[in-house]
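Reader: I'd like a close look at one part of this model, please. Take me through it slowly, with the cut-offs spelled out.

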Number of protein chains: 4
Amino acid sequence: VPGLFAAVSGRGAAAAETGDRSILQALLDVEAALARAGAAAGVVPAAAAEQISAACVADRFDLDALGREAAGTGTVVVPLVRALTAVLPDPAAHYVHTGATSQDVLDTAAMLVAHRALPPLLADLAAAADRCAELAEEHRGTLLAGRTLLQQALPVTFGGKVAGWLVGLDEARGWLAEVADRTLAVQLGGAAGTLASLGPAGPAVVAGLARELGLAEPTVPWHTLRQRPAMLAGALGTAAGVVGKIAGDLVLLAATEVGEVREAAGGGSSTLPHKHNPVAAVAALSCTERVPGLVATMLAAMRQEHERAAGSWQAEWETLPQLLRLVGSAAGWLRDALTGLQVDAARMRANLERTGGLLMSEAAATALARTLGPRAAHHVLTEAARGARAHGRALREVLLADPEVRRHLTPADLDAVLDPAGYLGATAQQIDRALRAHEEAR
Amino acid sequence: VPGLFAAVSGRGAAAAETGDRSILQALLDVEAALARAGAAAGVVPAAAAEQISAACVADRFDLDALGREAAGTGTVVVPLVRALTAVLPDPAAHYVHTGATSQDVLDTAAMLVAHRALPPLLADLAAAADRCAELAEEHRGTLLAGRTLLQQALPVTFGGKVAGWLVGLDEARGWLAEVADRTLAVQLGGAAGTLASLGPAGPAVVAGLARELGLAEPTVPWHTLRQRPAMLAGALGTAAGVVGKIAGDLVLLAATEVGEVREAAGGGSSTLPHKHNPVAAVAALSCTERVPGLVATMLAAMRQEHERAAGSWQAEWETLPQLLRLVGSAAGWLRDALTGLQVDAARMRANLERTGGLLMSEAAATALARTLGPRAAHHVLTEAARGARAHGRALREVLLADPEVRRHLTPADLDAVLDPAGYLGATAQQIDRALRAHEEAR
Amino acid sequence: VPGLFAAVSGRGAAAAETGDRSILQALLDVEAALARAGAAAGVVPAAAAEQISAACVADRFDLDALGREAAGTGTVVVPLVRALTAVLPDPAAHYVHTGATSQDVLDTAAMLVAHRALPPLLADLAAAADRCAELAEEHRGTLLAGRTLLQQALPVTFGGKVAGWLVGLDEARGWLAEVADRTLAVQLGGAAGTLASLGPAGPAVVAGLARELGLAEPTVPWHTLRQRPAMLAGALGTAAGVVGKIAGDLVLLAATEVGEVREAAGGGSSTLPHKHNPVAAVAALSCTERVPGLVATMLAAMRQEHERAAGSWQAEWETLPQLLRLVGSAAGWLRDALTGLQVDAARMRANLERTGGLLMSEAAATALARTLGPRAAHHVLTEAARGARAHGRALREVLLADPEVRRHLTPADLDAVLDPAGYLGATAQQIDRALRAHEEAR
Amino acid sequence: VPGLFAAVSGRGAAAAETGDRSILQALLDVEAALARAGAAAGVVPAAAAEQISAACVADRFDLDALGREAAGTGTVVVPLVRALTAVLPDPAAHYVHTGATSQDVLDTAAMLVAHRALPPLLADLAAAADRCAELAEEHRGTLLAGRTLLQQALPVTFGGKVAGWLVGLDEARGWLAEVADRTLAVQLGGAAGTLASLGPAGPAVVAGLARELGLAEPTVPWHTLRQRPAMLAGALGTAAGVVGKIAGDLVLLAATEVGEVREAAGGGSSTLPHKHNPVAAVAALSCTERVPGLVATMLAAMRQEHERAAGSWQAEWETLPQLLRLVGSAAGWLRDALTGLQVDAARMRANLERTGGLLMSEAAATALARTLGPRAAHHVLTEAARGARAHGRALREVLLADPEVRRHLTPADLDAVLDPAGYLGATAQQIDRALRAHEEAR
C-alpha cells in the first residue's frame, strides 16, 4: 500500500492485500472463478471460461479510470465488466459475469481480500505471541512492580505479566481464525438473491464458485444479512484491542521515569538528539485506536433494506479493507516492538524498591492477620504506610518500631514477609498454564 | 428494569437481569461463591462460608446508599464488602472477600449477569427464528417484488425473503451462544493478578469459584486483557444488526404505500385516530441503533494499563449491561413483531404488478439472449423499459409491438417468460436449505 | 482522489483536497510559510526563505518513498525535511524546519487541508440549499402525504417538507462555517510546545505563520489539547447527518411503490434493464453512514499524553482527511441528486388519496371536537377509521353514515373538513420563514 | 441519580437533572407551558391552563407505571397525557396536550433537560478552569520535564503545562455554551409538523412555548432534522475530550514512578493499605471514555425518515441524557481532582534531572549550531547523548570531554546552555495569554 502514511498504517503483507490493486485483482479473480464455475455447471462454454480467466489480470486494467467510470451506476463492477468484456472476443465476451449481480462480485471479492489478508495478520499475531512465550519463560522470576491505576500495588514478575499478554494474543488470534473460517463465504444470488437468471444451474454455480475460491458456501445469499462481515469485524476489533493493550503497556514501561523496557530499533526525533521513542508500539497504537469506530460503522451498516441496501452496504466497501489494513499493521508493529525488546531487570528491581517496601504492605497485613485478625492488621498497615510516606522512611523500619508488630513478628519473620520474591502467589503456575495453552494453540 | 423508557429499551427477561438490583445480587453471589470456594480450598472455615452465603441477599442492602458510598474509593465493592462484613458475626466477618480484589468481584459479577441475561435473549432470538421458519414454509410461493435500492427488481417469494432472515437469526444466535460459552469466565487474581494473598490455595479457589458459578475457569486472570467482554460485545452487536435488518424490512413493508405486512398489535397515535404503527419493529430499531456505539466503547476500553486500568475498565461497568439490555429488548420486540404478523399476499401481488411487468425485464432479456446474445437482448429490454415507462404501457405490450422480439418469441412464449412465478430460480431450494439449517441449529 | 471507490467516496473538489498529494503539498506549504515567517521575524535569512519556498512543490518529491521512509521515526515529516534539505544549497538547507517539531508541520498542514477542502464542501451544501429553496417555492402547494413511522399521517406540501431540509442544510452549513473560522489555526510550539529553540522570536514566528497561511493564531500551542479538530469533526458529523436525512428521504420517495421523485440522471443496473436507481442519493448515504464512526475516533483520540501523544494523535492523520473527503463527497452527491430532481405531483396526490381519506381523520376529529369535545371526537374517528379500513370504504362515506356525525356536520361541512388543502396549518408561514432564513444565511 | 454506579457516572447537579424523575418533570413542564402558551394564543381557556399547570408535578405520577404503559404506543407521552387528563376536571382535561404530538413534548423536554443540566456542567468546567488559572500562575516557574511519547523531551514549567489545559477547558466550555444557546429550542409542529390542528394560532403557540420555557424558537419544526441535538452532542464530546486529556495527564503524573502530583482526597484500596489512588481523575476518565460512542449514536441517529422517524429518533431518548450525565460527571470529577491538587515541585525537579541533562540536548544543539551549523551540531549531540546513556554519565560531562564542543563553548557557557530554567522559550508569554483569554472568557 503506497501513500504518505503507509509506513504507519499500511505496514506489511496484510496491508498489501487490502490496497486498491489487490481489491481489483480480487474482483477479477471472482469473475474468473465465476466463469469456471459456470463452465463446470454447463452454463458457460469451457473455452469461454478459459479465455475469461486468462484475461482477469489486474495490471491490464486502468484502476483509476474504472474508479471514475463507476460514478454513473454507483458500482465499479459495471465498468469493470464492460472493460473485461471489451478485451474478450465473442462468444467469450457474452459469458462474462454470467448469473451475477454487482454485489455478488463485490462481496465475494471482499471475502477474498480478507481471506488473503488474514494469514499474514494471524502470522504476525502468532509471532508476537511466540515472542511473549519466550519472554514469559526468560523472565519467569524477573521482579517488577505490579501497577494498578498506575500506582505500584504488589510485586509481580515480568514473565507473569507477559503471560497475560500471551493469553490475550492467543485467545484473540484463535477466535479471529475461527470466525474467519466460519464467515468467509462466497456471495452469489443474482439481482434479487434467487439465482433466477442461472435457471436450474444456480446452486451448482454457487458451489463451484466456493470451491474455486476456497471460500465457504453459504446456506443462502447474504446480500442484506451481514452477520458474516459483522462477526469478522468484531473479531478484528478484539484482536486490535489486545494489541493496543500490550502496545500501551510497552509505551508506559518505556517512559523515561520507568525505563524498564526499550525498543531495539527505537526512533529518533526531528529535533531532539537524545530521544529513543518506542515508535513501533506507538505506530501499533495509532492503528488500533482507529478500529473501534470502524467496527461501529460495520455494525451500523447492517441495517440494509430488502434485497439490496441503499447506502449501508456501499459503506462497507472501504471500511472492511481499512479494518484489515489497520489490524494487520498493528499486529506487525507489535511483532516488531516485541522482537528484540530490551528488558531492564535491574531497573525493574530498582523501581520496585522505590516505595521503601510500601508495596509489600498487603503481604505484611496478611502475615499479621493470622494473629491479629484482618481488620486490625489492615489498620496497622494503613497507619504504617501513612507514617512511612510522611517521614520518608522504609516500611520495614516503621513496622519494626511498632511494639504491636514486634509482638507478632520477629525481625527475621518480617524480612521474610517483606521479600517481594516470596509474595508471588500463583505466578509460576500462571506462566505454565499460559505456555501450555500457547503450545496447544499453535 | 423500571424507568421512564423501560417499555422500549428495558423489555423482558434479559433486560431484567441487567438492572441495578440484579447486578447487586450478582456481586453478592460472587462473594458467596468465593466464600464457599475458599471453604472447599481450606482457607475459609465452612461455617463462615455458610454464614456469608446466607447473608448475600440483595434485598438486605441499600442499593442507593452503596452507590453513594462508592465515591470515596471509586468502586461499589468497597462499601459492599463493608456492609456485608457489618451484618456478619465474627469470625465469619473476617472471611468476607478473602483473596479477592474489587475487580475480581465486579468482573465475575458482570460475567454472571451476562450468563443470566443471555438465555432469555437467545430464547427470544430462537423464537423469532422459529416464527421465520413457519413464515418461510407458509409463504414459500407467495410472490412479492424483490427490491434493490428500494426499486422493484425481480420477483421473489415472501418465504424466500424470510428464509434469509431465518439464516441471519440462526447464524447470529449460534455464534453468540458459542462466544458466550467460551468467554464467560470467572475473574480471580487478587490485587495484582498473582493470587498472592491466597498463598498456595489460589488456583484451587479459582477453580472452585468457577465451579460454584457455572462459569469457565480462565487460563490466567484477565484483569486488563479484555478479549472476553470484547468478543461478547462483537457477537451481541452482530445479533443486534440482524434484528435491526429484519425490523427495518418490517417497517418498510408496513409503510402505507406498500402495506404488505401489519403488526398484529400495532400502535395508535396520541393525535391520529387512524394510525396503525409498527410499534414493535420501531422499538426493536430504537434499541439496535444504540448498539454499535456501545460496542465501540467496549472495544476502545480494551486499552487498559498494566495490572488494573485507570478509567477504561470502569467504562465497561454500565456499558456491558446496557448492551445486554438493548440487544435483549430488541430480540424481544422482534419476536413480538413477527408473532402474529399479518401478511397481505394480495397486496404483495398487486404491488408486484404495479410496474406493468417491468420487473420481469431481466427474465425477458435472459430469454431473448439465448438467440440474440446478451448485449443485444439487454439493449432491447432497456429500450422497451424506457418506452413502457414513458407511455405508461405494460412491458408485454411494448415487447409484442417490437418486430425484433416477435421474431424470437411467440406471444405464448412471452407470457411464459413474463410470469413471475416462473422466474424464481433457486428460491425453493434456498428455503429448504434455510429450514434444514434451522432444524440443525435448534 | 484516484482509486477504485473514488467515484463514490472521493467525489469532487473537497475530496481532491484531501488526497495524499494535496496533503504533501500542504506539508510543504507549511515549511515554506515557516521559512518566510522566520525571515520576517529575523531568524531565517530572507534569501534562504525564498529558496526554501521555491523548493516546496509537491511534484518534486516522491510521495511513496517519503511514506516508506517514515517507518523509522514514525512521522513523514522527518524524511520530508531530509528530502527538502537535500535539494537546497547551503545555507538555505540549514534553515529548513526552523523552530518546528514534526507535529507543528503535520497539524498545521491538517488545518490547511481542511481550510482548502471546506470551501467547495460548503459550496456544495449551499448549492443543495439553493435548490431546496427553489423547490420549496415551486412546490409550496404541492400536496403529498406527511408520513410518520412510514405511515401516512397528515397532508403536507412538498414545499413545506423541503423547507425543513433547507433549514437543516442552512443551519448545519452555518455552524460548520463558523466552527471552521474559529478552529482552523496554525500549530507551532517546537519539541515541547515552548518555542524554546526560537528564542525570543518564537511568538513572532507563530504570528507570521498564521498570517502567511490565512489561519488563526491560537492562544497557546494545542499539541495535545484537541478541541479544535474535535469541534470540527462534530460540525462535519452534523452536516453529514443532515445530508443523510435528505438523501434517505429521496431514496424513500423514489421507491417504486411511492414513486414521487426521480433522480434526473438515475442509474442503470448491471443486470436489470428497467432499473432507474437513485444513485446520487445512495452514494451520499454510503458516505454519510461512515461519518459517525470516524467522529467517534476523533473524539476518542483526544486523550493525548503530556506534550505529545503516543498513538492517539497519529490516529487523527488519516481520519480527519477521510472525514472531509466523505462529507465533501456526500454534499456533492446530494447537490447532484437535488439538481434536476423530478417531482411527480400527480403521484403525490394519488398516494395521498390511497387511504380513502383516512389521513384526514385528525382534521375531522378536530372539527367534531368543537361540539363533541376532544375525547368523544377521537373515539368517533377511531371507530370510523377502523370501519373504513375493515370494509375498504372511504372515510367520508363512513362518517356520513354515522348519525352522530351528521348531527354536527353537514355533508358540505364534511367535504371542507376532509379537503387536504384546507388542513395545512402553518405550512405557508413555515416556507416563508425558511426562505427568509436562507436569504439571510447566504 | 440513584443507582449502583451513581457515585462514578451520576455525580453532581448536571447528572441529577438527567434522571428519570427530572425527565418526567420536564415532560410535565412542557405540557404546562403548552397550556399557558395556548391560553395566551386564545386556544385554551385561561382557567384550564392554570389547572393544567398546577397538576404538572412529577411527584403526583407513578413513573414506573408510566414507563410500563408506554409499551402499547411506543411513547411515554401517551400514558402521561392520559394520566394527566385523568387528574383534571372537565373542561381543563380537554385542553391537555392541545396541538402537540408526542414528539413535540419529548423533544422539548429533552432540550429542557439539557437547558437545566448544562449550567452546573458549565460551572464545573469553569471551576476547573479557574483552578487551572491559579495553578498556572502559582507554578509559572516550577520546572518539570516536558514529555513526548512519554519520553522526557525538553524542560517546561508546570504553569505552562496547565496553561494548555486552561485554554482547552475555556475553549471547549465557550463553544459548548454557545452551541447550547443556539441549539436549545422548543419543538412544536403537531402530527406532521404543520401545526394543522392549532389552525391559525399555531405560530403564536410556538412563540409562546419558547417564551414560557426560556428556549429558542426554531425557524420550522425539526422533528426529523436533528442538527440541534447533533451539534450539542459534538460540543459535549469535545468538552469530554478535554476533560479526559487533563484527567489522563493527572493519572500519569500521579504514577508511583513519576509522583509529581497527588489528589488531595485520593482513594484507598480494598486490599492494599498503602494505595493512594487518583480516584477523581480515574472516575473522570471512566465517564469520558464512554462519550465518543454515544456521540456516534447521536450522529448515526440523524437519518430519520420523512416527518417522524421509525427508530432513530427513539434511539436518542436515553442517549442524550446519558451524554449530559457523563460529561457533567466528568466535569465534576475533574474539578474535584484539581481542587487541592498537591503539586510536588521537588519531585518534578528531581525527575527532570534523572536523565543527566539529556533533555537539554536540543538547547546544546541550538547553541552549538550558531557556530557549527545545525547538522553538525545535531550530530555532536546525538553522539554525546548516545555516549552519556551508554556510560551512565551526565551530558555536561560528556560534552566537556569533547574538544569540538570546548572549541565553541566555555564551561560557563555550557552551564548556562544546560540550565533548564534558561530554555523555556515563550512559556511566560503563553501563560499570560492563557490567563488573559481566561479573564475574557469569564
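What percentage of the contacts in chain A with a separation of 6 or more do residues 24 or more positions apart account for?

Author: The figure is 76% for chain A, where a contact means heavy atoms within 4.5 Å. Before going on: this is a predicted model, local features need pLDDT of at least 70, side-chain atom pairs count only at pLDDT 80 or more, and totals for chains, interfaces and linings use all residues. Residues are numbered from 1 along each chain as its sequence is written, chains are lettered from A and ligands numbered from 1 in written order, and side-chain values use heavy atoms, with hydrogens and water left out.

Now the outline of chain A. Its C-alpha trace spans about 100 × 50 × 35 Å along the principal axes. The radius of gyration is 29 Å, while a compact globule of 442 residues would come out near 22 Å; that radius is taken over C-alpha atoms, and the globule rule is 2.2 Å times the number of residues to the power 0.38. Chain A has 20 helices and four strands, taken as DSSP runs numbered from the N terminus (helices are H or I with at least four residues, strands E with at least two).

What about burial? Of the 442 residues in chain A, 69% count as buried, a label for under 20% relative accessible area, with exposed over 50% and partly exposed in between (1.4 Å probe, protein chains only). Chain A exposes about 12,900 Å², and carbon and sulfur atoms supply 53% of that; such areas come from the Shrake-Rupley method with a 1.4 Å probe, and for residues only the protein chains shown count as cover.

Asp249(B) sits in helix α10 (residues 227-254) of chain B, and it counts as buried because its relative accessibility is 1%. Leaving aside residues up to four places away in sequence, Asp249(B) touches Gln304(A), Glu305(A) and His306(A), plus Lys161(B) and Trp165(B). A polar atom of the Asp249(B) side chain lies 2.8 Å from the backbone nitrogen of His306(A). Within chain B, the side chains of Asp249(B) and Lys245(B) make a polar contact at 2.7 Å: a pair of N or O atoms within 3.5 Å where, within protein, one must be able to donate a hydrogen and the other to accept it, and residues adjacent in sequence count only if both atoms are side-chain atoms.
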